[in-house]
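These are my notebook entries on one structure. I set down what I looked up, entry by entry.

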Amino acid sequence: ETLESEARRGEWERWQLLQLLQEKDQLLARESAVVARQRAVLSTTTGTARYYRVLCALRCWRNHVARIGSRRALERSRARIADARLRHAC
């Protein structure tokens, strides 16, 4: 009888260990899927961030060029006004 109870106890412990192993395998599979999704999201986010940095740089350059053009136009206009004043002052 003790041999039988020992065998049953051994089978029970074996079954419990197998259940724990199965749970751990499932947990690892879920965590692996989560890591894969996070990597995909990180890759997409990195690409998006790069896109917006380039877009921001291009917009800054466009604004810079527009300001330079406006300043030059203002300088030309002031020069023309000064020339006209000198012509009409004499």
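In which helix does Leu58 lie? I find Leu58 in helix 1; helices (H or I, at least four residues) and strands (E, at least two) are DSSP runs, numbered from the N terminus.

**Entry: basis.** I note that this is a predicted model, in which local features need pLDDT of at least 70 and side-chain atom pairs count only at pLDDT 80 or more, while totals for chains, interfaces and linings use all residues. Residues are numbered from 1 along each chain as its sequence is written, and side-chain values use heavy atoms, with hydrogens and water left out.

**Entry: Leu58.** I looked up its cover. Leu58 counts as exposed, at 56% relative accessibility; buried means under 20% relative accessible area, exposed over 50%, and partly exposed in between (1.4 Å probe, protein chains only). I then took Leu42, 16 residues from Leu58 along the chain, and found 24 Å between their C-alpha atoms.

**Entry: overall form.** I record 1 helix and 0 strands for the protein. Its radius of gyration is 39 Å, well over the 12 Å of the globule rule for 90 residues, so the protein is more spread out than a compact globule. The radius is taken over C-alpha atoms, and the globule rule is 2.2 Å times the number of residues to the power 0.38. The C-alpha trace spans about 130 × 15 × 5 Å along its principal axes.

**Entry: surface.** Of the 90 residues in the protein, 0% are buried. I note an accessible surface of about 8700 Å², with 59% of it belonging to carbon and sulfur atoms; the areas come from the Shrake-Rupley method with a 1.4 Å probe, and for residues only the protein chains shown count as cover.

**Entry: aromatic rings.** My search of the whole structure gave 2 aromatic pairs. Trp12 and Trp15 form a stacked pair, 5.2 Å centre to centre with 25 degrees between the planes. Rings of Phe, Tyr and Trp (its six-membered ring) pair if their centres lie within 6.5 Å; planes under 30 degrees apart count as stacked, over 60 as edge-to-face and the rest as tilted. Both Trp12 and Trp15 lie in helix 1 (residues 2-89), 3 residues apart, about one turn of the helix. Trp12 is partly exposed at 48% relative accessibility, and Trp15 is partly exposed at 44%. The ring centres of Tyr51 and Tyr52 are 5.1 Å apart and their planes stand at 75 degrees, so this pair is edge-to-face.

**Entry: cysteines.** How many disulfides does a search of the whole structure find? I found 0 disulfides, a disulfide being a pair of cysteine sulfur atoms within 2.5 Å. The cysteine sulfur closest to that of Cys56 is in Cys60, 4.2 Å away, which is too far for a bond. Cys56 is partly exposed, with a relative accessible area of 45%; Cys60 is partly exposed at 46%.
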